[in-house]
Amino acid sequence: MSVSRSESLRAVLVRTGIQDSTAAIELVAEIEKLSEGAIESAAIAESLVGVADPDLALQQLVRILEAANGQHKNRLVGSLSADTITLGRLLQILGLSLGLGEFLIRHPECDSILDTEALAAPPVEIRERIMQSVGADPLSALPIASGNSDAVLNALRVAYRRELLAIASRDLSGGFAMEVIAGWLSDLADAVLQAGLAVARSGVTDPTCPLAIIAMGKTGGRELNYVSDVDVIFVTDATESLEIATALARGVIHACGAVTAEGAIWEVDTALRPEGKQGALVRTVESHAGYYERWASTWEFQALLKARFVAGDPLVGEEYMMRIQPFVWAAADRKDFVPDVQAMRRRVEDNVDSTLAARELKLGPGGLRDIEFSVQLLQLVHGRSDVLLRSSNTIDALRALATWGYVGRDEAMKLENSYRFLRTLEHHLQLRQLRRTHTLPEDPHELTTLARSIGIRSDPMETLLKQWKDHAREVRRIHEKLFYRPLLNAVAGLDATDARLTTTAARDRLRALGFTDSEGALRHIESLSSGVSRRAIIQRTLLPVMLSWFAEAPYPDTGLLAFRQVSDQVGASHWYLRLLRDESLAAERLAHILASSRYLTDLIRRAPESIAMLAHDEDLQPVDLSVEIRSIAQRHEEPDKAVNALRAMRRRELFRIGSAAALGLASIEQIGMALTHLTDAVLEGALNAVTPTEPIVRISIIAMGRYGGCELGFGSDADVMFIYEPLAGADTAEAGKQAFKIVNDMRALLSAPADEPALEIDADLRPEGKQGPLVRSLESTTAYYAKWSSPWEAQALLRARHAAGDSQLGAAFTTMINPLRYPEGGLDPKSLIEMRRLKARMEAERLPRGADPTRHTKLGRGGLSDVEWVAQLLQLQFGHGQPSLQTTATIAALRAEEALGLIDPEDTEILVKAWTLASEIRNSIMLVKSSMSDLLPADYTELSAVTYLMGYRSDKAGVLEEDYLRATRRARKVMERIFYGNE
């Protein structure tokens, strides 16, 4: 080849996408040589236009020409040189598929790809050619192969790949839709199964034994991939010949899946049969019906949507299909249908390898499984009453759902386009190596090849990735609208071109999505979305996705009702609907809260403007309240108004902290600290509000218990002691009376009935308990502890902390009690014995009657009390002279004790885990029920709600239960060893 001709050819080849032009020129020259000049370089260059990987195409064509000989080579060269369309078809295949290229190199005689006229039309007589390849008569009612030797199996594999090559050629020519190609691939699978059965019959004693093969999955839906397992179920009606029927089934599996010199065709997967891989390979129709009637799970009925008789005895196959259909279409009436469907969806998502999820076409977010699952669920819900929806094919079913008004036409069209795009990518991805895969490659060259194979020429890799992400995002968006938009149309007369369910169909769908009171839910939807007002228009935009979020939460009916109530309350406000429309995070968080937390929902009802906090994480972080408290004091001279303003502030902050907890934005220690600081601030403000302008006494509020430890929960009272001291020159008796009045007024105002939540103050831990004075002077308190203090009081004082009021007085109190709670020399033996006796008596007497001690988070085995008593025992024993142990917080004390070598690190982690889990459960119970309980719920629904708020999935209630019981069991052992000295 001359230099000028070579350079001219180089320029043309580069425009086709050739990467190595020098090597390409050499390959073109080699093709000319091997074809003796018949296949010209100009024709080759012209035919490379649009080829996915032109470099690979040239390499594989050279190898095919080298492998061909005799009449096969003459026919090949003649066809390629006579018609550039034929040459182009071959190069299209060779430029994408290494697998089919290797097949042609091994079998250049398989030249079906050269028949341009035949390839321009749909394939015909696939079954006949496949059956003939194994020596079976395709016209026989009982075709039997010539044998089951490797030679027969090899012939079947060659025939299969010849047909696969012809289908792929039609596919890459761009003349046929994806679903048509998938249908032909399914027809080919049907033919192979029929041939496999013919091969199996040749190896049994009674080939007349009736056996039907039921295709499942993509084969059953006539939407098969190029490379996939073929899911089947084997059925017979010959009870007395089950052994022969089983031998036939095994023969089919071997004929299709055995690895011979020509490899395997595909694996025949029978895992969808009753009882899965543990069940019998072949069952009678009656046995199948009995299983589906008594034992089958919802996912099995979903799988049966795809069932289709494809091979074997037609009478058995027809009887099977007739018997199973009623079970499929009654599945939505099963009592566990909703949780089963939710579990199936989560199981799909859980099974995605996290390292591959971002590249998954099938199982990733917005992938093929999202579309298929949505369509199948709608079929199960509505197909029981509408036979027109009963198609095993995804696209046909989607079109039927749109045609008959179960989904919107626009949404269905977009979903179909996305499905077609994703399936086309999947097809071409599998053609590359003839390997089963649904994962986009990371290699840029492979991505570029894949992009070019679907016609993307400009910036192919980036364009492909963008298109794929756009489709995935659209699928996810439509996923919500697909289920929920038609519900609005069932009650609000919207666009006639959109889906509009009947009331019965809407109720069916709501029940399937988890709404218990479907009629009530429809009324709420109607109230929110009907009309032509701006509010109704925005609600119609919001409701589909809001309904989807409610359905994912534990109490969807409660969430929808609360949303209606809040919307009725503030829906006319300019900010409310705009916030939910423009801030999707706020809308999602609101749905999460309304459908899971009665406590937070009550706070929203009292002050709906709190919803605005949900838009940004930073708005859910604790804030400094000191400036606001001073402002309240300046604005309100009357104590009752000032305290009411403080209670309103507290309600707002409870919502802020509670939302952070419910949304997983704060740890249990952060929540306890935030609630403690809030209580400190409210008490400080309230104390100032009720204190006279010219007091004769100063007061310190001493926090005790969990409040003192900065470990408050949402249901905790504020345990306190009130200490006072007369001002210089004041009458002692009058000072005591004023201190009592101040404290009593403050308690009354903070707990008085009002719109704002009350702050309950518990002073029972004061000296002499309920029998002692509510307010005590520092002098009297000092005298009491010096003369009458019990070991339990010293233990209680470990939690004592100045919280509000006069800080100097609080410091004086702290200095006074330190020798009691951190005694020099530690606990004496008598006090240690008494402490142990008290702990044992508490366990026996204070646990509520009938309460399960393994589930009581406070007093139960390994619960809060066990952990706290361990920490406090070590503080009493070793706290003197150890500043790090002189803390009121349980976790801080345990960490300090570990640092000083008083407790093993492993034991510390066990105790911390149990304490943390118990505290989180108590908080979550309060958030869910808006009432306090120390018992891990036994009711599954309630436990699921607690589980959901703790960041587990709501279907993982059993996991939370196991985690808690395991953690507390281990904590109990540690407590018994350290506290009681039991080894």
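Author: What follows is a set of questions about the terms applied to this predicted model, each answered by setting a value against its cut-off.

Reader: Why is cysteine 209 called buried?

Author: Buried means under 20% relative accessible area, and cysteine 209 has a relative accessibility of 4%, so the word buried applies to cysteine 209.

Reader: How do you know that cysteine 209 is too far from another cysteine for a bond?

Author: A disulfide needs two cysteine sulfur atoms within 2.5 Å, whereas the closest cysteine sulfur to that of cysteine 209 belongs to cysteine 256 and lies 18 Å away.

Reader: What makes cysteine 256 buried or exposed?

Author: Its relative accessible area is 0%, and because buried means under 20%, cysteine 256 is buried.

Reader: Why does leucine 388 count as partly exposed?

Author: Partly exposed covers the range between buried, under 20%, and exposed, over 50%; leucine 388 has 47% relative accessibility, so it counts as partly exposed. Leucine 388 is found in the loop between α18 (368–382) and α19 (394–403), and together with Val387 and Trp404 it forms a nonpolar patch on the surface, with about 330 Å² of accessible area for the three together.

Reader: Which residues form the positive surface patch, and which helix gives the largest share of the patch?

Author: The positive patch is formed by Lys913, Arg969, Arg970 and Lys973, and its largest share, 3 residues, comes from helix α43 (residues 957–978).

Reader: What makes arginine 969 partly exposed?

Author: Arginine 969, which lies in helix α43, has a relative accessible area of 49%. Since exposed means over 50% and buried means under 20%, arginine 969 is therefore partly exposed.

Reader: Why is alanine 957 called buried?

Author: Alanine 957 also lies in helix α43, but its relative accessible area is 0%, and because buried means under 20%, alanine 957 is buried.

Reader: Where is glutamate 768 found, and why is it called partly exposed?

Author: Glutamate 768 is found in the loop between β8 (761–762) and β9 (775–777), and its phi is near 70°, a positive value in a residue other than glycine. Its relative accessible area is 43%, which lies between the cut-offs of 20% and 50%, so glutamate 768 is partly exposed.

Notes:
Residues are numbered from 1 along each chain as its sequence is written. This is a predicted model: local features need pLDDT of at least 70, side-chain atom pairs count only at pLDDT 80 or more; totals for chains, interfaces and linings use all residues. Side-chain values use heavy atoms; hydrogens and water are left out. Patches are made of residues with over 30% relative accessible area and no salt bridge: like charges are joined within 9 Å, nonpolar side chains (Val, Leu, Ile, Met, Phe, Trp, Tyr) within 5 Å. Accessible areas come from the Shrake-Rupley method with a 1.4 Å probe; for residues, only the protein chains shown count as cover. A salt bridge is a side-chain nitrogen of Lys or Arg within 4 Å of a carboxyl oxygen of Asp or Glu. Lys and Arg count as positive and Asp and Glu as negative; His and the chain ends are not counted. The place of a charge is taken as NZ of Lys, CZ of Arg, CG of Asp or CD of Glu. Helices (H or I, at least four residues) and strands (E, at least two) are DSSP runs, numbered from the N terminus. Buried means under 20% relative accessible area, exposed over 50%, partly exposed in between (1.4 Å probe, protein chains only).
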